Amino acid sequence: VQLQASGGGLVEAGGSLRLSCAASGIMFSMHAMGWYRQAPGNQRELVATITRSSSTIYADSVKGRFTISRDNAKNTVYLQMNSLNPEDTAVYYCKATGFGYEYWGQGTQVTVSS
């Protein structure tokens with residue numbers, strides 16, 4: 001199983017980024033997918049999740065700014081991040097959950113400058 005996250009980088013406050021996480025080795029459409037983030041000195045926290053039927057949940061801190069989506073044909077989950085602020089700086093991880101298992105990607109760094 002491999003979850004390959006990409007799309008991170010350095011962006012100015014108010015800018016946007018789109019993260020992608022490509023999955024292989026799993027029945028992607030049968031897994032819930034999620035994005036999490038971890039800032040230095042902090043615990044990993046939920047950003048957004050999307051179920052197999054594309055129901056979504058967002059952390060309060062990103063509601064109205066971030067959008068999670070999935071493309072089952074491409075085995076990929078996305079996180080569109082708008083109106084970024086320095087508090088969004090973290091390593092972003094994707095996670096797949098299904099059949100009693102969970103799998104984590106390697107993370108992609110997002111840095112928002114003020």
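Biologist: How many aromatic pairs does the count come to?

Modeller: The model is a predicted one. Rings of Phe, Tyr and Trp pair if their centres lie within 6.5 Å. By this rule, the number of aromatic pairs is three.

Biologist: Is the pair of Tyr 93 and Trp 104 stacked or edge-to-face?

Modeller: The ring centres of Tyr 93 and Trp 104 are 6.5 Å apart, and their planes stand at 85°. Planes over 60 degrees apart count as edge-to-face. The pair of Tyr 93 and Trp 104 is therefore edge-to-face.

Biologist: Which strands does this pair link?

Modeller: Tyr 93 and Trp 104 are eleven residues apart, and the pair links distant parts of the chain. Tyr 93 belongs to strand β9, and Trp 104 to residues 101-104, which form strand β10. The strands are β9 and β10.

Biologist: Is Trp 104 buried, partly exposed or exposed?

Modeller: Buried means under 20% relative accessible area and exposed means over 50%. Tyr 93, at 14%, is therefore buried. Trp 104 has a relative accessible area of 33%, so Trp 104 is partly exposed.

Biologist: Is Arg 37 buried or exposed?

Modeller: Arg 37 lies in strand β4, residues 32-38. Its side chain has a polar contact of 2.7 Å with that of Glu 45, and another of 3.4 Å with that of Ser 61. The relative accessible area of Arg 37 is 6%, under the 20% limit, so Arg 37 is buried.

Biologist: How many residues apart in sequence are the parts that the disulfide ties together?

Modeller: The structure holds one disulfide, formed by Cys 21 and Cys 94 with their sulfur atoms 2.0 Å apart. Cys 21 is in strand β3 (residues 17-24) and Cys 94 in strand β9 (residues 90-98), so the pair ties together parts whose separation in sequence is 73 residues.

Biologist: Which residues have the most contacts inside the largest nonpolar core?

Modeller: This core has 29 residues. Among the elements giving two or more residues to this core are β3, β4 and β9. The residues with the most contacts inside the core are Trp 35, Leu 79, Met 81 and Tyr 92.

Terms used
Residues numbered from 1 in each chain as written. Predicted model: local features only at pLDDT ≥ 70, side-chain atom pairs only at ≥ 80, totals over all residues. Heavy atoms only, no water. Helix = DSSP H or I, 4+ residues; strand = E, 2+ residues; numbered from the N terminus. Buried < 20%, exposed > 50% of the residue type's maximum accessible area, 1.4 Å probe, protein only. Polar contact = N/O pair within 3.5 Å; in protein donor to acceptor, adjacent residues only side chain to side chain. Disulfide = S-S within 2.5 Å. Core = buried A, V, L, I, M, F, W, Y, C linked by side-chain atoms within 4.5 Å. Phe/Tyr/Trp six-rings, centres within 6.5 Å; stacked < 30°, edge-to-face > 60°.
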